[in-house]
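Please look at the sequence and the structure before reading on.

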Amino acid sequence: AKFLGNKLGAYGGTLSFDLVVTGTGTPYDQEDVILVGGGLTLVFTLPAQPGTSFTSYHLGLTETGWRRDTRSGVPATQADMAAALSSLTAIYIRGEYRLSTDDAGELDNVVLEGSGAICDIQ
């Protein structure tokens, strides 16, 4: 709950987290991070999939790199990001990267930070 609601103060800050994926199977592509709020869905594709040891990610909370609705959607605008952050109802961070029954994904150290507003869960 502490990641949701009015987080407009995080604009210009970062969403950081660590991911690890182990196991075998065929990798597949999908939206990696999704912000939902203000009637919008904004998605971000990570520059590289996580490895078998924790990989740290730091996503800018500006419109840069974010797209509307899907990975191939139109680029997000500053107004889109402000609308989403001002009334966040969901944040999704993908943990499944392989089509397999023996894989595992782990998420740790999630931090939403910007303009003096910090939320974290460990």
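Asp80 is buried, at a relative accessible area of 8%. The model is a predicted one.

**The salt bridge of Asp80**

- Asp80 and Arg68 form a salt bridge through their side chains, at 3.4 Å from N to O.
- Asp80 belongs to helix H1 (residues 78–86) and Arg68 to strand S6 (residues 66–68), so this pair ties together parts 12 residues apart in sequence.
- Arg68 has a relative accessible area of 30% and is partly exposed, whereas Asp80 is buried.

**The other salt bridge**

- The structure has two salt bridges.
- Arg94 and Asp32 form one of them with their side chains, at 3.0 Å from N to O.
- This pair links distant parts of the chain, 62 residues apart.
- Arg94 sits in the loop between strand S7 (88–93) and strand S8 (98–99), and Asp32 in the loop between strand S2 (26–27) and strand S3 (33–37).
- Arg94 counts as buried because its relative accessibility is 9%, under the limit of 20%.
- Asp32 is buried as well, with a relative accessible area of 6%.

**Helix H1**

- The buried residues Asp80, Met81, Ala84 and Leu85 are found in H1.
- These residues lie on the same side of H1, because the arc they cover around the axis is only 120°.
- In an α-helix there are 3.6 residues a turn, so residues three or four places apart point the same way.

**The nonpolar core**

- The largest nonpolar core is made up of 24 residues.
- Phe17, Val33, Leu46, Leu61 and Trp66 have the most contacts inside this core.
- Two or more core residues come from each of strand S1 (14–22), S3, strand S4 (40–44), strand S5 (55–60), H1, S7 and strand S9 (104–114).
- S1 gives the most to the core, namely four residues.
- In soluble globular proteins, nonpolar side chains tend to be buried together.

**Contacts of Leu61**

- Leaving aside residues up to four places away in sequence, Leu61 touches residues that include Ala10, Tyr11, Gly12, Gly13, Thr14 and Leu15.
- Leu61 also touches Leu35, Trp66, Met81, Leu85, Leu112 and Glu113.

Terms used
Residues numbered from 1 in each chain as written. Predicted model: local features only at pLDDT ≥ 70, side-chain atom pairs only at ≥ 80, totals over all residues. Heavy atoms only, no water. Salt bridge = Lys/Arg side-chain N within 4 Å of Asp/Glu carboxyl O. Buried < 20%, exposed > 50% of the residue type's maximum accessible area, 1.4 Å probe, protein only. Core = buried A, V, L, I, M, F, W, Y, C linked by side-chain atoms within 4.5 Å. Contact = heavy atoms within 4.5 Å. Arc of directions from axis to C-beta.
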